[in-house]
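Colleague: I'd like to learn how to read the surroundings of a side chain. Can you walk me through one?

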Amino acid sequence: MKFDIEKLGNISDISISDTTSTTCLMNLPDSSNIGKAASDLKKIGFDMLQSITGCDYNSYTELTYHFYATEYSKKLILKTKIYESINKIQSLSNLYKSAIWLEREVFDLLGVKFENHPDLRRILLPESFEGYPLKKNYVQNDARLRWNE
């Protein structure tokens with residue numbers, strides 16, 4: 001079955017920046033609309049959230065969501081920014097169960113808070129770990145781990 005790219009034009013606040021036969025890249029300028037955008041994507045067939053990645057740019061963190069429509073074999077990449085002054089975004093765990101684990105990883109490594117997440121705690125690092133190691137302002141104070149200095 002072929003995916004109708006026009007369906008994406010009906011999703012609020014999303015701009016399509018690039019598309020190929022298998023992948024579509026979209027930008028969501030206002031991260032507070034992530035819940036509505038993800039709900040709309042699910043309604044048109046994007047039934048799987050494959051991953052969430054993040055990158056720290058000092059004044060904001062860019063989150064990249066990778067969705068997949070199993071019926072159409074179509075990938076969709078959705079990018080949004082969270083500014084340091086806010087540092088929180090709505091959880092997608094009520095729409096996609098995979099988000100429970102994926103959001104915990106982003107929280108653990110970048111410190112992004114996911115509102116209404118059912119179990120937001122560290123997943124890779126011990127609870128006693130201080131800071132978020134993928135933030136640009138993170139300082140490693142453990143002398144045992146200073147292998148390159």
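Predicted model: local features only at pLDDT ≥ 70, side-chain atom pairs only at ≥ 80, totals over all residues.

Colleague: Which residues is arginine 122 in contact with, leaving aside neighbours within four places in sequence?

Modeller: Arg104, Phe107, Asp108, Glu127, Phe129, Glu130, Gly131 and Tyr132.

Colleague: Is arginine 122 buried or exposed?

Modeller: Buried means under 20% relative accessible area and exposed over 50%, with partly exposed in between (1.4 Å probe, protein chains only). Arginine 122 is at 9%, so it counts as buried.

Colleague: What does the side chain of arginine 122 make a polar contact with?

Modeller: A polar contact is a pair of N or O atoms within 3.5 Å; within protein, one must be able to donate a hydrogen and the other to accept it, and residues adjacent in sequence count only if both atoms are side-chain atoms. Here the partner is the side chain of aspartate 108, at 2.5 Å. The backbone oxygen of glycine 131 also lies 2.7 Å from a polar atom of the arginine 122 side chain.

Colleague: How many residues of α2 are buried?

Modeller: Helices are DSSP runs (H or I, at least four residues), numbered from the N terminus. In α2, nine of the 12 residues are buried, among them Arg104, Phe107 and Asp108.

Note on methods:
Residues numbered from 1 in each chain as written. Heavy atoms only, no water. Contact = heavy atoms within 4.5 Å. Helix = DSSP H or I, 4+ residues; strand = E, 2+ residues; numbered from the N terminus.
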